[in-house]
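The sequence and the model come first.

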Amino acid sequence: MKIAIVGGTGSEGYGLALRWARSGEHVVIGSRDEQRALAAAEKLQKEVGGSQISGAENQQAVAGADVVVLTVPFQAHAATVRHIKPALKPGAIVIDATVPLATAVGGKVTQTIGVWDGSAAQQAQNLLPAGIAVVAAFQNVSADLLNDDRTLECDVIICTDDTNARQVVTDLVHKIPGLRALDGGALENAHIVEQITALLITLNIRHKSHSAGLRITGLDEPSRRTS
């Protein structure tokens, strides 16, 4: 499976690329700047090794990808989705980790802004053609933890209207040690999950940390596919 990470030179995107590359996945780092993408891919190859790591401009990165992960600032979200839209292959899955932080309009990093479509993930869905499954996930995972060797202790809440896409993303979550995938229902619930990120940022600031995450108690670990 080919995973293209749009915005993969940023901390969150690169952290996900690092973790999936370690698990043996085929990873393409995307960026608006091709040279930055190539440099990030070269760095990742040195860290992990293997031949299934590459970098490209965003539109080229998503071409032929089975899964596309959006890790871009909200102010660039709509333009980025429109840019990659023509290059997406039919049936691709788009994982949207974007959070509409108020910094997009000059506000605080501890606040979010309202999105006309309901959430960043729903905005992506409304911009993309039918047949592209959109999944909201990974908004609440610490970028700092993704980028080092510490074990993560975090739940990833998955919101989507597509059953197959939910299972694919669940499997990808389980490839990262310490993460647990939870079914968060329909894509319309994504706005709740996105807003939690602002709270986690507040907690990090208040407690002088960079690793706050989300863990839901009282739920059993979801079953994992063995093949």
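Asp-155, Arg-180 and Arg-215 are linked in a network of salt bridges; a salt bridge here is a side-chain nitrogen of Lys or Arg within 4 Å of a carboxyl oxygen of Asp or Glu. The model is predicted: local features need pLDDT of at least 70 and side-chain atom pairs count only at pLDDT 80 or more, while totals for chains, interfaces and linings use all residues. Residues are numbered from 1 along each chain as its sequence is written, and side-chain values use heavy atoms, with hydrogens and water left out.

**Salt bridges**

- Helices (H or I, at least four residues) and strands (E, at least two) are DSSP runs, numbered from the N terminus.
- Asp-155 is buried at a relative accessible area of 1%, whereas Arg-215 is partly exposed at 40%. Buried means under 20% relative accessible area, exposed over 50%, and partly exposed in between, with a 1.4 Å probe and protein chains only.
- A search of the whole structure finds 8 salt bridges.
- One of them joins the side chains of Asp-149 and Arg-22, at 2.8 Å from N to O. Asp-149 sits in the loop between α6 (143–146) and β7 (154–160), and Arg-22 in helix α1 (residues 11–22), so the pair ties together parts that are 127 residues apart in sequence.
- Asp-149 is exposed, with a relative accessible area of 65%; Arg-22 is partly exposed at 39%.
- Arg-150 forms a salt bridge with Asp-148, where the closest N and O atoms are 2.8 Å apart. Arg-150 is partly exposed at 44% relative accessible area, and Asp-148 is partly exposed at 22%.

**Sheet**

- An open sheet is formed by 8 strands in the order β3-β2-β1-β4-β5-β6-β7-β8, with mixed pairing. Two strands pair if DSSP finds at least two bridges between them.
- β3 (53–57) and β8 (179–183) are the edge strands, each pairing on one side only.
- From one strand to the next the twist averages 25°. Axes are lines fitted to C-alpha atoms, for helices over the stretch in contact, and angles run from 0 to 180 degrees between N-to-C directions.
- Strand β1 (residues 2–6) is mostly covered, with 5 of its 5 residues buried.
- In a regular strand the side chains alternate between the two faces of the sheet. In β1, Lys-2, Ala-4 and Val-6 point one way and Ile-3 and Ile-5 the other way.
- β1 pairs with strand β2 (residues 26–31) in the parallel sense over 5 bridges, and Lys-2 stands opposite His-26 in β2.
- The chain crosses from β1 through α1 to β2 in a right-handed β-α-β crossover. Right-handed means that, with the strands pointing away from the viewer, the path from the first strand over the helix to the second runs clockwise.
- β1 is also joined to β4 by 4 bridges, and the two run parallel. Ala-4 stands opposite Val-68 in β4.
- β4 and β5 pair in the parallel sense over 4 bridges, and Val-68 has Val-94 in β5 as its bridge partner.
- α4 packs on the sheet, touching β1, β3, β4 and β5, and its direction makes about 160° with that of β4. Contact means heavy atoms within 4.5 Å.

**Helix α5**

- Helix α5 (residues 120–127) is mostly covered, with 6 of its 8 residues buried. These are Ala-120, Ala-121, Gln-122, Gln-123, Ala-124 and Leu-127.
- Among the elements that cover the buried residues of α5 are β4 (67–70), α4 (77–84), β5 (93–96), β6 (133–136) and α8 (190–206).

**Cysteines**

- A disulfide is a covalent bond between the sulfur atoms of two cysteines. The cut-off used is a pair of cysteine sulfur atoms within 2.5 Å.
- A search of the whole structure finds 0 disulfides.
- Cys-154 is in no disulfide, and the nearest cysteine sulfur, that of Cys-159, is 14 Å away, too far for a bond.
- Cys-154 is buried at 4% relative accessibility, and Cys-159 is buried at 0%.
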